[in-house]
Amino acid sequence: MTCMRCQGLLVEIPSLFWVAPDWEAPPAKELQMPAWQCLNCGDYVDAVILAHRASPSLTVGQLV
Ligand SMILES: [Zn+2]
């Protein structure tokens, strides 16, 4: 799997490894989801982010 930003190497990491300043504990189900981080640019990707990117219909504009 390659980074969508820089085409660098993505390595799979445990979701819990990622602790952001605005960390909020996700539902238990999401804790089981795989996540990846780019070794080159540090970009973080997980199943939720991938789902959002794959669903362009879920835009704010359509909610207005
Ligand atoms: Zn990258």
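Gln-7 sits in the segment before strand 1. Its phi is near 65 degrees, a positive value in a residue other than glycine. For context, most residues other than glycine have a negative phi.

The model is predicted, and local features need a pLDDT of at least 70, side-chain atom pairs count only at pLDDT 80 or more, and totals for chains, interfaces and linings use all residues. Residues are numbered from 1 along each chain as its sequence is written. The protein chain averages a pLDDT (the predictor's confidence in each residue, from 0 to 100) of 75, and 58% of the residues score at least 70. In the protein chain, confidence is highest in strand 2, at 91, and lowest in helix 1 (residues 47-53), at a mean of 80. Where pLDDT is low, the predicted coordinates should not be read in detail.

Turning to the overall layout, the protein chain contains one helix and three strands. Both kinds of element are DSSP runs numbered from the N terminus, helices being H or I over at least four residues and strands being E over at least two. Read from the N terminus on, the elements follow the pattern β-β-β-α. Of the 64 residues in the protein chain, 5% are buried. Among contacts in the protein chain with a separation of 6 or more, 54% are between residues 24 or more positions apart; a contact here requires C-beta atoms, placed from the backbone, to lie within 7 Å.

The three strands form an open sheet in the order 1-2-3, with antiparallel pairing; two strands pair if DSSP finds at least two bridges between them. Strand 1 (10-13) and strand 3 (44-46) stand at the edges with a single partner strand each, so one side of each has no neighbour in the sheet.

The pairing can be followed strand by strand. Strand 1 and strand 2 (residues 35-38) run antiparallel and are joined by four bridges, and Glu-12 stands opposite Trp-36 in strand 2. Three bridges link strand 2 to strand 3, again in the antiparallel sense. The hairpin of strand 2 and strand 3 has five residues between the strands, and its Gly-42 takes a positive phi near 85 degrees.

Two residues of strand 3 show how the chain comes together. Asp-46 lies in strand 3 and is the bridge partner of Ala-35. Their C-alpha atoms are 4.1 Å apart, although the two residues are eleven apart in sequence. Asp-46 is partly exposed, because 17 other C-beta atoms lie within 10 Å. Val-45, also placed in strand 3, counts as partly exposed because it has 18 C-beta neighbours inside 10 Å. Leaving aside residues up to four places away in sequence, Val-45 touches Leu-10, Ala-35, Trp-36 and Leu-50.

Definitions and conventions:
Buried ≥ 20, exposed ≤ 12 C-beta atoms within 10 Å, placed from the backbone. Contact = placed C-beta atoms within 7 Å.
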